[in-house]
Amino acid sequence: MRSILHRASISEMVVPYGDPDLNWVWRNAFDEGEYGLGRLANSLVPALDVPANAVFLDAVMSDEGGEPTTLERAVAIYERDANVLWTHYDAVQDKTEARRARELVVYYTVTVGNYDYGLSWVFRQDGGLEAEVMASGILLGKGAAATGCTACADLAQGKDPTVSPGDERTGTLVDRHIVAPNHQHFFSFRLDFDIEGEANSVIEMNTRPLPPGPQNPHENGFGMLPTLLPSEAQAVRDMSFHEHRMWKVFNPSVRNELGHLAGYLLVPGENSLPYMAETAATRRRAGFISHHLWVTRFKPLEMYAAGDYPNQHAGGEGLPRWIQDDEPLVNQDVVLWYTTCLTHVPRPEEWPIMAAARLGFRLLPSGFFLRNPALDVAPLPPR
């Protein structure tokens with residue numbers, strides 16, 4: 001048995017709205033810290049919420065009075081087809097060798113007010129692990145005078161729609177007299193890695209072009225530059241599209257037979273930045289949203305990215321406070337906190353109920369195996 005993760009979970013979630021109206025500026029639900037993504041979980045319906053082959057687990061929680069209560073079919077576990085696992089066509093033999101992929105999914109849903117979320121951990125045959133968030137439900141709308149899109153009318157006439165008056169500067173008209181304001185969904189994932197044990201380190205991996213010169217005479221070379229993240233304050237990082245940035249957690253004392261450090265990559269998926277000002281009240285209370293990656297030393301009481309009581313503090317709790325002591329991270333029990341965001345500029349096609357939107361990230365083996373771990377997958381029997 002080889003360890004990868006001790007625990008992986010959603011640590012916090014916040015949904016700030018981008019409408020500056022006084023009736024909307026306070027709308028910034030901490031769906032985890034204020035409501036509870038476990039307490040509001042739904043009882044899954046077989047063959048509707050999940051495939052017919054799913055098996056279910058009940059969950060025992062405490063109600064608001066401290067009494068135990070059982071939620072039946074709280075978690076579903078099932079396999080699903082995942083397209084091609086690997087394939088190659090050999091032109092000499094005129095033969096294709098391929099394998100179908102199967103994934104093991106652990107899934108549950110939760111409804112917080114008007115939004116519904118589906119949360120999945122997906123285990124793959126190639127050693128990868130994916131976290132997937134599905135968002136659906138009903139957009140939160142506001143009454144408006146408009147019966148037609150004034151911003152579209154301005155744009156069609158060559159005018160700047162951003163200076164147009166009205167609610168559509170920060171939202172979308174989704175029906176007559178209804179505007180759905182722009183908003184964002186921030187999820188903080190707490191990833192307590194134990195790659196081959198607790199003593200781990202983290203490097204940032206940036207891909208960059210090689211400088212022109214004798215070692216790159218045709219100016220086509222590029223390489224990956226690994227940078228060790230030595231301490232908590234220096235491990236506050238953001239995504240970089242220009243450098244194909246990802247992060248690797250590894251065990252400095254374990255290597256495969258080729259000498260590669262045994263580790264796993266955190267590969268970002270869809271993401272965004274917060275659009276509210278750094279001084280905005282919601283951003284002070286949800287300081288974790290200011291960066292995509294934080295790394296801390298493991299402490300058993302540090303569980304929630306915005307702190308234990310997000311609805312009772314003015315700001316600065318959680319991750320911004322925890323990294324102030326700037327503890328070293330090399331060869332330590334490290335915890336990665338990854339922030340992913342769905343920026344939602346509503347579309348009329350998402351009214352009156354929105355089709356599922358998805359985002360997440362992947363954890364992929366890097367030097368953890370000697371070769372493709374999916375080579376042992378059996379071919380399908382001939383038909």
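Is Arg 176 buried or exposed? Arg 176 is exposed, because its relative accessible area is 60%, and the cut-off for exposed is over 50%. The model behind this value is predicted.

**Loops and surface**

Arg 176 sits in the loop that joins strand S9 (171-175) to strand S10 (178-181). Its C-alpha lies 6.6 Å from that of Ala 146. In sequence, Arg 176 and Ala 146 are 30 residues apart.

Leu 22 is exposed, with a relative accessible area of 73%. Leu 22 also contributes to a nonpolar surface patch, together with Val 25 and Trp 26. The patch covers about 370 Å².

The largest pocket has a volume of about 620 Å³. Its lining counts 27 residues, and the closest to the centre are Ser 9, Ile 10, Leu 37, Gly 38 and Tyr 108. Two or more lining residues come from each of S1, strand S3 (55-62), strand S4 (68-90), strand S5 (95-112), strand S6 (115-124) and strand S7 (129-137). S1 gives the largest share, five residues. By class, the lining holds 20 nonpolar, four polar and three charged residues.

The second largest pocket has a volume of about 340 Å³. It is lined by 17 residues, and Pro 16, Tyr 17, Gly 18, Asp 19 and Met 276 are the closest to its centre. Strand S11 (183-193) and helix H3 (281-285) each supply at least two residues of this lining. Here the classes are nine nonpolar, seven polar and one charged.

**Salt bridges**

Side chains of opposite charge can pair when their charged atoms come close. The model has 20 salt bridges.

| Arg 285 | Glu 34 | 3.0 Å |

Take the pair of Arg 285 and Glu 34, whose closest N and O atoms are 3.0 Å apart. Arg 285 is in helix H3 and Glu 34 is in helix H1 (residues 31-35), so the bridge ties together parts that are 251 residues apart in sequence. Arg 285 counts as buried, because its relative accessibility is 14% and the cut-off is under 20%. Glu 34 is partly exposed, at 31%.

Arg 100 is partly exposed, with a relative accessible area of 35%.

Arg 347 is partly exposed, with a relative accessible area of 42%. Glu 350 is buried, at 6% relative accessibility.

Salt bridges can also share partners. One network of this kind joins Glu 204, Arg 208, Arg 237, Glu 243 and Arg 245.

Note on methods: Residues numbered from 1 in each chain as written. Predicted model: local features only at pLDDT ≥ 70, side-chain atom pairs only at ≥ 80, totals over all residues. Heavy atoms only, no water. Patch = residues over 30% accessible without salt bridge, like charges linked within 9 Å, V, L, I, M, F, W, Y side chains within 5 Å. Areas by Shrake-Rupley, 256 points an atom, 1.4 Å probe, with all protein chains shown as cover. Salt bridge = Lys/Arg side-chain N within 4 Å of Asp/Glu carboxyl O. Buried < 20%, exposed > 50% of the residue type's maximum accessible area, 1.4 Å probe, protein only. 1 Å grid on protein atoms, 1.4 Å probe; cavity = no way out; pocket = protein on both sides within 12 Å on 5 of 7 lines; lining within 4 Å. Points joined across faces, edges and corners; volume = space filled by probe spheres on them. Helix = DSSP H or I, 4+ residues; strand = E, 2+ residues; numbered from the N terminus. Nonpolar A, V, L, I, M, F, W, Y, C, P; charged D, E, K, R; others polar.
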